Amino acid sequence: ALQYRIGQLYMISKHSHEQSDRGEGVEVVQNEPYEDPNHGNGQLTEKRVYLNSKLPSWARAVVPKIFYVTEKAWNYYPYTITEYTCSFLPKFSIHIETKYEDNKGSNDSIFDKEAKDLEREVCFIDIASDEIPERYYKESEDPKYFKSQKTGRGQLKEGWRETHQPIMCSYKLVTVKFEVWGLQTRVEQFVHKVVRDILLIGHRQAFAWVDEWYDMTMDEVREFERATQEATNKKIGIFPPAISISNISMPSSTRSAPSSAPSTPLSTEAPEFLTVPKDRPRKKSAPETLTLPDPTK
């Protein structure tokens, strides 16, 4: 489990730096230890994701030219909570719960205690076989061809999930809400696809970069994370202001993290023309199941 955590932290920092440029990318506002009365010691991270140019044309037409999505993550490994909100769209949110187990994705009841009334679609993500957007493909990061020099892992062939040992699985329960008439279904479907692509690309990279992070300790990867985040913020050209975490809850229409974790305050109302019908049903949830080789053994 420790090796997976190190690989994941390394991948997130390096990937964010690679994907950032002036005015675009991932700015780290806060990253510090956090203690929760129920989950124990963890790490709280707050980021701003600037991605206007990455939106489809129909979305760019209805959002401000410069905007960002706030990401807050509470990491109590092997359980994490991640929330995404957008200040100018209070009706938009993404809520992701993640659990990790040493199996090949065979635990169908891992989220049975959470939100039983929600409609769910189960989606398996295979880091070796699933196609990724062409612009993100690199042969050096393809688990079908990559071979680790330090661990001997790699070149995952068809059916590897059935034969590979040891193995672990990252289970994700993803809830997307965008309660705006006329755009709801389209936006929610688009966001689910983006979330899936990000999970697939990121975990392929974590696997393919194993020789870079395999010998790191947790302290070393935290220092790498700090230095990389500082370089990324400078690359984007934004210097983060001082941020204080508030205990103000999000509106009841938005699913939030457990009450023990503070929620992102929403400071603005939706534009008047974005009216929300009270009784309109919404697409509620789609869990993601991601199976990975276990880097711990």
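Which residues line the second largest cavity? The lining is made up of I12, S13, S16, H17, V26, V28, K47, Q229 and T232.

## The model and its fold

This is a predicted model, in which local features need pLDDT of at least 70 and side-chain atom pairs count only at pLDDT 80 or more, while totals for chains, interfaces and linings use all residues. Residues are numbered from 1 along each chain as its sequence is written, and side-chain values use heavy atoms, with hydrogens and water left out.

The protein has 6 helices and 8 strands; helices (H or I, at least four residues) and strands (E, at least two) are DSSP runs, numbered from the N terminus. Along the sequence, these elements come in the order α-β-β-α-β-β-β-β-α-β-α-α-α-β. Of the 297 residues, 53% count as buried, where buried means under 20% relative accessible area, exposed over 50%, and partly exposed in between (1.4 Å probe, protein chains only).

## Strand β2 and its neighbours

Strand β2 (residues 40-50) is mostly covered, with 9 of its 11 residues buried. On one side, β2 pairs with β1 in the antiparallel sense over 11 bridges; two strands pair if DSSP finds at least two bridges between them. β1 and β2 form a hairpin with 3 residues between them, and E32 has L44 in β2 as its bridge partner. β2 is also joined to strand β3 (residues 68-76), by 8 bridges, and these two strands run antiparallel.

T45 counts as buried because its relative accessibility is 12%. Its side chain makes a polar contact with the side chain of N31 (3.2 Å). Such a contact is a pair of N or O atoms within 3.5 Å; within protein, one must be able to donate a hydrogen and the other to accept it, and residues adjacent in sequence count only if both atoms are side-chain atoms.

## The second largest cavity

Rolling a probe the size of a water molecule over the atoms shows where empty space is left. Here a cavity is a set of points, on a 1 Å grid over the protein atoms alone, where a 1.4 Å probe fits but cannot get out; lining residues have an atom within 4 Å of a point.

Which elements each supply at least two residues of its lining? They are α1 (2-19), β1 (25-36) and α6 (218-236), with the largest share, 4 residues, coming from α1. By class, the lining has 3 nonpolar, 5 polar and 1 charged residues. Ala, Val, Leu, Ile, Met, Phe, Trp, Tyr, Cys and Pro count as nonpolar, Asp, Glu, Lys and Arg as charged, and the others, Gly among them, as polar.

## Cysteines and a loop serine

How many disulfides does the whole structure hold? The search finds 0, a disulfide being a pair of cysteine sulfur atoms within 2.5 Å. C86 is buried, with a relative accessible area of 2%, and C123 is buried at 18%.

S87 lies in the loop between β4 (79-86) and β5 (89-101). With a relative accessible area of 31%, S87 is partly exposed. S87 and Y68 are 19 residues apart in sequence and 8.0 Å apart in space, C-alpha to C-alpha.

Conventions: On a 1 Å grid over the protein atoms alone, a cavity is a set of points where a 1.4 Å probe fits but cannot get out, and a pocket is an open set with protein on both sides within 12 Å along at least five of seven lines; lining residues have an atom within 4 Å of a point.
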